[in-house]
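Subject: Structure for you to look at

Hello,

Here is the structure I said I would pass on. Please open it and keep it beside this email while you read the notes below.

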Amino acid sequence: MNMTFWKTFWASLLASVVSGVIVLLIFFAILNSMVSGFGTMFESKQLMVEENTVLHMELDGAIGDYTYAAFDPGTFQMSKQFGLTEIIEGIELAAKDDKIEGIFLNCNNLSAGMATIKEIRDALIKFQNEGKFVVSYHENYDKKAYYLASAAQELYVYPSGMLEFLGLGTEIMFLKGALEKLDVEMQIIRGSNNRFKSAVEPLIYEQMSEANRLQTQKYIDALWGVMTTEIGASRNLKVSRLNEIADSAYIRKSGDAVKYKMADGTLYYDQVLDSLAKRSGVDSGADVELLSFQKYAMKKTKEERTLAKLDDKNIAVIFAEGEIVDGVGGNNQIGGTSLSEQIRDARLDSLIEAVVLRVNSPGGSALASDIIWREVVKTKEAGKPFIVSMGDVAASGGYYIACEGDRIFAQENTITGSIGVFGIIPFTGDMLKNKLGVTFDRVQTNDHAILSLNKKLTDSELKLIQQGVDDIYDDFISKVGAGRNMTKVEVDSIGQGRVWAGKDAIKIGLIDEFGGLNDAISYAAEKAGIAEADIAIKYYPEAKSSELFDLLESLEEEDESATAQSQLEMQLTDIYNYLKTIGQTSQIQARMPYLYWID
């Protein structure tokens, strides 16, 4: 009877598992068929660009370093991001396109970092220098959107809209009190002198340490300085005047923005279309030929890269975007194994003459960072120029993998440095005992056989782990010193976990030159003896078909309320992801010391 039950049970279980796998396989096959079908439809439908076209640039989704769209089988959700590479290339192609008259910039709530926005902004300025126009308009401008929009020749705001300009601020959420209520104790081990390595502070303090307050103030001052300098140059306003406007809260309604010369007028949408009509050479606003910038950029860059396949690739551009993790990693993650394989592939490819590593990472696993660092060193030893381009952030482990670059490019508002190390081991024994009545006991052959979350570390165990963390920090500053031609003492003096903005980082030798990805590519070509006209780029990850991205773009509803996250929702999501990753006990971490939101 019992044997019969178990035979039936296991047979049923196996049948259920097999059926589930088959259903999933069928689902993915259907999904792939749908995407391929839509892809064929998009391929066959050629993008038609009419005369006197104006590109409508909305940039209303996530912006990363490269474009991708993916399906997450764990959550059954689609995710996508529009790539900075495609945005910049799309603007450059539009500047050369005789059918494109200008760009209508119409965006707010940009999901991008400050350095990314600066690269787009610089590209728009170059676009206008080619004799084309950029007109910006929105009902409301937040600070990021206004920073980008200020590059436009004409900037308009809705009559009853708003333009936000009150300065930058940052708020950090501290979790110590909540953890105490849950009877959870976070056992923190960071470099002995890493007083600026403040990623752990929300777990152990109720407010910012003085060291963290100092570096944070300097960092946001630098960001604000870059922003006001560039806005001032575009709007013909002195930085001191912009600070006066922010300090005095002069702009309370859209008309104030015009009064204080931060906007050119208050217009309704139809009136803006009339302005675009005059600029693009058509009779009325109804005749303005608006074309989605996303569609134009995706189609044109794809055509350009398809033509480039006919040539041998001579420069590798490798994207390192996201948190650094052990193994392969996933979307928005840098896998130590996968990225090192990509660098190795570029090193062993006889056609590749130079490598550009684009880093956009707050750090993560120290081990994975070291594995990647080793491949950078081997590539340099092979005689290939290795150039680094930093995006919004290249800090901690992100700086670790960049420090051996022959030349490091960054923006003035790039976040970098954070040379430091920490580890976290939560003690959850009291929580489980006091809240749930769960206790643990153990048997072990040696004193340190079990390092459990349910047993507090002893003094000797803490000492052992502290020594390990200090050894990793010593190795970190040694490698930075070798890469940047500094002594360990010099690196330590600017390290200790301290974060720097690019504007200050160049003064202390952490970066070499201000510039974006294209500047790094041009420099790599020069060092490899490749003429600008002969540059042929091989991208890692390899640029995949854009059918799924196109499909999601075509199906996406325009209802902003359905897609936009509230600030609270974003903060709670960030906290969840932070706790999920920061508490990993299998690794010592080199992670940027920030969990806050700029406002």
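The charged end of Lys479 lies over the ring of Trp373, 4.0 Å from the ring centre. A second case involves Arg498, whose charged end sits over the ring of Trp500 at 4.4 Å from its centre. Bear in mind that this is a predicted model.

Next, the aromatic rings. Searching the whole structure gives 13 aromatic pairs. One of them is Tyr137 with Tyr269: the ring centres are 6.2 Å apart and the planes are at 55°, so the pair counts as tilted. Edge-to-face would need an angle over 60 degrees. This pair links distant parts of the chain, since Tyr137 belongs to strand S6 (residues 133–141) and Tyr269 to helix H10 (residues 269–280), 132 residues apart. Tyr137 is buried, with a relative accessible area of 1%, whereas Tyr269 is partly exposed at 34%.

Tyr158 and Tyr268 form an edge-to-face pair, with 5.3 Å from centre to centre and 85° between the planes. Here too the pair links distant parts of the chain: Tyr158 is in strand S7 (residues 154–163), and Tyr268 is in the loop between strand S10 (265–266) and H10, 110 residues apart. Tyr158 has a relative accessible area of 26% and is partly exposed. Tyr268 also counts as partly exposed, at 40% relative accessibility.

Which residues form one aromatic cluster? They are Tyr66, Tyr68, Phe319 and Tyr539.

Regards

Methods:
Residues numbered from 1 in each chain as written. Predicted model: local features only at pLDDT ≥ 70, side-chain atom pairs only at ≥ 80, totals over all residues. Heavy atoms only, no water. Phe/Tyr/Trp six-rings, centres within 6.5 Å; stacked < 30°, edge-to-face > 60°. Helix = DSSP H or I, 4+ residues; strand = E, 2+ residues; numbered from the N terminus. Buried < 20%, exposed > 50% of the residue type's maximum accessible area, 1.4 Å probe, protein only. Lys NZ or Arg CZ within 6 Å of the ring centre and 35° of its normal.
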